[in-house]
Amino acid sequence: MATRKVRYKKLNPKTVLPIFREDQIDPSEYESLTNEAQIATGVEQAEENEYHLQAVLKSAGVAADQEIPVPPPQESTLNYDEFYSQKVSKTATYIRFSQTVEECIGCMYDMTEEDVVFLQSYNQKQAAQAQLSEDDFEKIMEVYEETAYIKTPFASIDQTVAGYDEMFQGLQELEKAKALMPHAKEIYEYWKSRRQALGNTPLHPTLKFETHAESDDMDPYVCFRRREVRQTRKTRARDVQSADKLKRLRKELEEGRQLVQAAHSRELLKAEMLKTDRAIFELRAQLKEQKIRLNIKADDEDLINQKKRKAAEAPTVQRPAPPAQLRMPGRPDVRPAETDLSLLADRLAEKENELRLDIEKKVQNHKDWNRNYLDLTRGPLSPVHGPRLDPNFRPAKTQYLMTPPASASSVSLDEPVPMDLDKPENLEPVVKFRGVAQDEASRANPPSYRRRIGRLNRLWIDRRGLPASPPREIDDEWTGRLLQDRWKYDQSSDDEDDMPTYEVDPFDTRALKFRSSIPPPPWLLHRGIPNPRALPPNQQQLHQQHPIPPHQLPPHTQAQLPVAKSPVKPTTGTGALA
Amino acid sequence: MSPTGEAAVGSDGPRLIGKATVETLTIGCIAQVIKDGEARRAEILSIKETKSGRQYYCNFDNFNKRLDEWVPVSRIDFDKPVEWPNPDKDKQKDDKKGKKTTAAVSKKQPSKKNSRRVSKREQSIASEDQTHPWSEFVENQQKNKKDAREKANASLEIGATAGIGPDEMEIDEDETPASAAKKESLTPFSREQEIEKLRTSGSMTQNPAEISRIRNISKVEFGRYVLFPWYFSPYPEVYGQEDSIYICEFCLSYFNDIKSFARHRHKCTLHHPPGNEIYRDDFVSFFEIDGRRQRTWCRNLCLLSKMFLDHKTLYYDVDPFLFYVMTTRDEKGCHLIGYFSKEKESTDGYNVACILTLPQYQRKGYGRLLIQFSYELSKIEGKLGSPEKPLSDLGLLSYRQYWSENIIDLLLKFGERDEPCTIEGIASHLAMTTQDVEHTLQALKMQVYHKGEHKIVIPEKLVAQREKSRAKQKRLIDPDRIQWKPPVFTASSRTWAW
């Protein structure tokens with residue numbers, strides 16, 4: 001097949017092509033552009049060059065009269081109406097039809113001219129009433145052909161002939177078996193002779209279907225072969241699946257069957273009941289008549305329909321709960337409606353109860369489950385408890401002399417408990433001196449210090465674990481304001497439960513000494529120091545606790561003390577440097 | 001090109017040439033035979049004795065097979081030399097004849113083996129050991145064949161698994177779709193390929209190998225008409241001996257006996273194709289028929305249409321096809337005009353497998369309606385369709401006409417509206433494949449390559465011609481009247497039904 005020469009770039013079907021009329025383009029140019037090579041026609045290669053086809057293709061667009069000659073059909077000489085006598089009327093709607101040819105033909109055997117000759121001679125021998133019609137003849141022949149096809153499928157090869165006795169059953173099934181039976185035997189002989197004459201093949205020539213793959217393959221007469229069936233892959237899983245499906249189907253069908261059966265017996269019972277009712281009615285009627293006849297006037301109770309009794313009985317009948325998967329919604333229910341209604345209300349209440357119980361139970365469960373657990377996730381930054389602190393920090397341990405701080409104890413009652421905001425019930429009178437590592441919290445988290453060398457060889461002391469107690473009551477207005485101001489940012493929100501506390505023994509000599517070595521901050525010098533003695537004792541103590549103005553401390557757990565370049569060696573806790 | 005073109009008959013290189021007589025002229029000879037008053041080369045395919053004398057079945061050089069005919073001695077020019085068949089070809093023939101006699105059927109039937117060898121006309125005479133003078137393809141193929149044969153011999157000698165012939169393996173290799181598609185159009189089919197393709201693709205057309213070269217039925221009584229078949233059709237073998245066969249116009253049953261036919265007509269109640277009507281206008285109706293449900297009717301239809309379609313094969317059954325049958329209505333019923341068959345599921349995207357207008361309705365515009373209907377169905381399906389190849393000569397012309405008319409209409413419309421035009425746009429508009437669009441444009445010389453750009457030119461001639469044909473054309477399919485949903489076939493019906 002000739003393909004065009006690829007001289008120019010390939011045409012993408014998506015590219016937009018400009019359209020021109022022929023007059024919009026230079027004719028000479030157009031001519032030169034269009035004498036391209038042959039185009040694929042899709043015709044069998046061997047036939048592409050056929051004379052007539054080429055002639056027409058050549059003339060395409062020139063003359064439309066060119067035609068490929070074909071053997072012309074003719075009008076038939078047969079009388080069309082004789083063969084096609086039935087008339088049909090046009091249907092109003094589109095035809096829908098699914099019958100097969102076989103269903104439309106009727107008797108499959110069609111008499112041949114030979115059969116006509118036979119039948120005529122046969123009928124001559126018969127009495128006038130016993131003439132065999134063509135239709136009946138065909139029916140008998142059809143039975144023979146069909147039986148032979150079924151009983152002796154290889155008749156043409158093994159030359160077996162189906163016997164007359166084998167035909168018998170088929171003949172019996174014919175519509176007019178009785179009338180036709182007398183003819184059957186003789187026609188059988190005729191049929192047999194015809195079969196023999198044709199090499200024991202069917203009397204009607206048939207198409208050649210495949211018989212033997214090898215020899216059939218090249219036989220042009222063999223047609224309509226079966227296609228090889230595509231096998232579906234068989235797996236055990238699929239087997240099981242389909243088995244299950246079948247089982248389920250069977251079960252459902254069985255249920256359906258039982259349903260129908262039950263309905264059937266119910267209807268029978270109903271019929272029975274109606275019959276009985278009728279009998280009762282008739283008996284009553286008789287009774288009434290008798291009564292009238294005999295003039296009995298008392299006791300008409302029997303004549304009244306006792307439907308009520310039945311109704312009274314009904315509620316006592318215990319109906320089994322309907323099966324869950326019943327599909328029929330409209331099932332007959334004899335139970336009175338009221339019982340259902342009251343039950344519904346009860347059930348609703350019950351359900352609600354159940355729900356409540358369930359919820360309570362769940363709450364209880366949740367509590368149990370949470371017992372002995374502390375929810376640490378509430379405070380997002382809870383400090384780690386335990387001895388393992390930052391390695392560089394050493395705990396500062398202090399020991400106390402037994403001197404009772406009498407003066408402090410009296411006021412310490414008023415002193416706010418710094419960080420126990422979350423546990424107000426723990427408010428017990430504190431007799432201990434605040435700021436010492438005596439209480440549990442401070443023991444668990446003793447104050448510690450760290451010395452480190454910063455940039456420019458500066459020495460830093462880091463502290464941690466010192467208690468910070470915010471002031472609650474301020475007496476002096478000015479100091480109050482000042483302190484408030486100072487503490488403003490040193491305090492996180494109220495609900496923070498683990499405010500670090502820096503606990504320092506204010507009377508420790510070393511601490512005192514250290515503090516004295518710290519030069520006062522310039523702002524203090526400038527403003528003049530408020531007299532510490534003027535402060536109430538608690539404030540004073542507080543102040544001592546924080547010798548460095550708190551606003552200079554970072555508001556977090558770690559405070560940094562810049563120490564001047566002077567090699568002051570601050571000593572913190574007693575064993576801190578060990 | 002000269003109208004005769006290159007000789008297609010007896011073209012396998014030099015042959016012995018010499019004078020022949022009535023007695024010596026044998027099958028396979030190429031003689032000069034008078035056709036329409038003109039002497040033409042013709043191959044003798046068969047010889048028969050009739051009461052009026054000996055007759056020769058002639059296939060004329062470069063004429064379609066439908067013009068093959070039986071000619072009396074008087075039409076053969078014995079003054080001109082005759083080309084004798086090649087000797088080894090003869091031998092084969094003799095072999096076949098030997099086999100043939102055992103078959104003991106009418107002598108004019110082609111032998112079974114023969115039909116294989118004559119798959120292509122050129123090849124039919126080409127001896128296998130000679131290289132083909134023209135085509136590399138043929139040469140390659142013959143080489144392949146030879147190789148295959150050698151391989152087969154080898155494997156037989158070794159006693160290897162005889163089950164897998166080398167031929168089969170070759171087919172598997174060829175089966176990569178892209179190359180296969182290409183090859184299909186280029187190479188002649190090998191028999192095995194052909195059958196494999198038929199089996200896998202469900203195609204019904206194109207089995208050149210099977211085509212019997214001599215028509216067997218000479219005359220058909222069909223409804224109001226007498227038809228003269230063009231090609232072989234596998235009706236029962238004995239029908240070949242009949243002067244005329246009878247086919248019921250409605251159920252398409254065939255009879256060789258006029259009494260049987262009359263009896264059948266007496267009983268047959270069918271008066272339209274046995275399926276659902278899916279289209280009706282004042283003029284024609286379309287019926288959809290499932291090959292599986294209406295096996296007998298569809299087989300009958302195929303047998304009938306095979307008489308007029310060369311490249312149709314009835315090798316496999318009709319189950320995987322749907323048949324869309326066009327009828328015309330009168331008070332007797334719905335008379336078959338033509339039909340097209342369509343694969344229920346085409347892997348190659350074909351929307352038509354076979355298409356035929358019966359000869360008595362040809363050249364009346366019915367073919368165009370059939371083609372249009374096939375594309376209307378494709379439009380409903382939302383697919384692009386193309387007829388299965390190869391096309392017959394008449395099929396090509398019909399399709400070309402339909403395509404060109406529609407494309408020109410569309411282009412004119414595009415031109416008026418100044419819409420952009422792409423090959424794809426045309427294709428989706430007309431439910432045609434882009435290849436068909438391109439081929440049509442090229443065939444009509446409308447697609448030009450000019451200044452580095454592809455352009456479409458509408459020649460005035462074609463516009464004028466289209467105007468003319470539109471004036472003549474009265475009937476079209478009205479898509480609104482189609483009552484059709486694309487039928488859906490379940491996986492199981494596809495798996496088990498064919």
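**Exercise 1. How many bridges join strand S8 of chain B to strand S10 of chain B, and do the strands run parallel or antiparallel?**

Solution. The model is predicted.
- Step 1: find the strands. S8 covers residues 220-222 of chain B, and S10 covers residues 245-247 of chain B.
- Step 2: count the links. Three bridges join S8 to S10.
- Step 3: read the direction. The two strands run parallel.
- Step 4: pick out a facing residue. B:Glu221 stands opposite B:Tyr246 in S10(B).

**Exercise 2. Place the strands in their sheet, and find its edges.**

Solution. 
- Step 1: write the order. The open sheet has five strands, S3(A)-S9(B)-S8(B)-S10(B)-S11(B). Its pairing is mixed.
- Step 2: take the edges. S3 (74-75) of chain A and S11 (254-255) of chain B each have a single partner strand, so one side of each lacks a neighbour in the sheet.
- Step 3: look at the pair that spans two chains. S3(A) is joined by two bridges to S9 (residues 225-227) of chain B, and these strands run antiparallel.
- Step 4: name a bridge partner. A:Glu75 is partnered by B:Tyr225 in S9(B).
- Step 5: Strands of a sheet pair through backbone hydrogen bonds.

**Exercise 3. Describe the contact between chains A and B by residue count and class.**

Solution. 
- Step 1: count each side. Chain B gives 114 residues and chain A gives 89 residues.
- Step 2: sort the chain B side. The residues touching chain A are 50 nonpolar, 30 polar and 34 charged.

**Exercise 4. Work out how helices H7 and H9 of chain A cross.**

Solution. 
- Step 1: locate them. H7 spans residues 134-151 and H9 spans residues 164-172, both in chain A.
- Step 2: take the geometry. The axes come within 9 Å and cross at roughly 125°.
- Step 3: classify the angle. Roughly perpendicular ends at 115 degrees and roughly antiparallel starts over 145. H7(A) is therefore oblique to H9(A).
- Step 4: The crossing is right-handed.
- Step 5: list the contact. H7(A) supplies A:Val143, A:Tyr144, A:Glu146, A:Thr147 and A:Lys151. H9(A) supplies A:Glu166, A:Met167, A:Gly170 and A:Leu171.
- Step 6: sort by class. Four are nonpolar, two polar and three charged.

**Exercise 5. Is B:Lys472 buried or exposed?**

Solution. 
- Step 1: B:Lys472 lies in helix H14 (residues 460-472) of chain B.
- Step 2: count neighbours. B:Lys472 has 9 other C-beta atoms within 10 Å.
- Step 3: apply the cut-off. A residue with 12 or fewer counts as exposed, so B:Lys472 is exposed.
- Step 4: B:Gly365 is 107 residues away along the chain, with 9.9 Å between the two C-alpha atoms.

Terms used
Residues numbered from 1 in each chain as written. Chains lettered and ligands numbered in written order. Predicted model: local features only at pLDDT ≥ 70, side-chain atom pairs only at ≥ 80, totals over all residues. Pairing = 2+ DSSP bridges. Helix = DSSP H or I, 4+ residues; strand = E, 2+ residues; numbered from the N terminus. Contact = placed C-beta atoms within 7 Å. Nonpolar A, V, L, I, M, F, W, Y, C, P; charged D, E, K, R; others polar. Buried ≥ 20, exposed ≤ 12 C-beta atoms within 10 Å, placed from the backbone. Axes fitted to C-alpha atoms, helices over the stretch in contact; angles between N-to-C directions. Parallel < 35°, antiparallel > 145°, perpendicular 65-115°, else oblique. Left-handed = near helix turned anticlockwise from the far one by under 90°.
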